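Student: Could you take me through a close look at the salt bridges in this structure, and then at what lies in the interior? I would enjoy one connected account.

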Amino acid sequence: MEEGTSKSPSHCAGTYGAGGDPDPFQWDTREDCDVRQILDRVADKWSLLVIALLDRRVLRFTELKREIDGVSQRMLTVTLRQLERDGLVKRTVHPVVPPRVEYELTPLGGTLHTTIRSLVTWTEQHQNEIAAAREEYDAKEAARV
C-alpha cells in the first residue's frame, strides 16, 4: 500500500472530480462513504428540526416532541440518539424522580446550526422565485397532457 493511502473502508478517496470540486455522484454510489452517511443524517427533516430547536437552548424530550409537529415518540428517540452518536447533541440525565432528560447542541452541533440557518436564509430570499418557477413548470406539464 502506498504511503498516505487510507486503510479505512469508509474513507472517501476519489470523491472529488476534476479541478478538486466535490463529485456528488460519488457520494451517491459509495454506500461505505462517511460523507454520504453524514449528509443523509443531517439532511433528514427531523434532524434539521431538532437542531434548529436546540439553538442556544436546552430542551426536554417532551418539549421537543410538542414543538415538532408530526414526529412520533419513536422517531424522535431514534433521531436524538443518532445526533448524540454523531456528537451533535448532548443528552443529560438528571438523577431525580421521575428522571429528567435534557438535550442541547454540542459546539459541533452549533456549527451545523449556522450552516442550516444559511440554507433557511437562502430559501426565504428565493421562495418567490421558486414558487414562480414551480407555477411555470406545472403550467407546461398541464399543457403537455
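Tutor: Happy to. A salt bridge here is a side-chain nitrogen of Lys or Arg within 4 Å of a carboxyl oxygen of Asp or Glu. With that cut-off, a search of the whole structure, which is a predicted model, turns up 6 salt bridges. As background, side chains of opposite charge can pair when their charged atoms come close.

Aspartate 55 pairs with arginine 56, and their closest N and O atoms are 3.5 Å apart. Aspartate 55 also meets the side chain of arginine 117, at 3.7 Å from N to O. This second pair joins distant parts of the chain, since arginine 117 belongs to helix α6 while aspartate 55 sits in the loop between α3 and β1 (59-60), 62 residues apart. How exposed are the two arginines? Arginine 56 has 71% relative accessibility, so it counts as exposed. Arginine 117, with a relative accessible area of 35%, is partly exposed.

Another of the salt bridges is formed by arginine 41 and aspartate 86, whose closest N and O atoms are 2.7 Å apart. Here too, distant parts of the chain are linked: arginine 41 lies in helix α2 (residues 34-42), aspartate 86 in the loop between α5 and β2 (89-94), and 45 residues separate them. Aspartate 86 is at 28% relative accessibility and therefore counts as partly exposed.

Now for the interior. In soluble globular proteins, nonpolar side chains tend to be buried together. The largest nonpolar core in this model has 21 residues, and the members touching the most others are Leu54, Leu64, Leu76, Leu80 and Tyr103. At least two residues of this core come from each of α3 (45-53), α4 (61-67), α5, β3 (100-105) and α6 (107-144). The largest share, 4 residues, is supplied by α3.

Finally, threonine 79 is worth a visit in helix α5 (residues 73-85). Is threonine 79 buried or exposed? Its relative accessibility is 1%, and buried means under 20%, so threonine 79 counts as buried. Setting aside residues up to four places away in sequence, threonine 79 touches Asp44, Trp46, Ser47 and Val50.

Note on methods: Residues numbered from 1 in each chain as written. Predicted model: local features only at pLDDT ≥ 70, side-chain atom pairs only at ≥ 80, totals over all residues. Heavy atoms only, no water. Buried < 20%, exposed > 50% of the residue type's maximum accessible area, 1.4 Å probe, protein only. Contact = heavy atoms within 4.5 Å. Core = buried A, V, L, I, M, F, W, Y, C linked by side-chain atoms within 4.5 Å.
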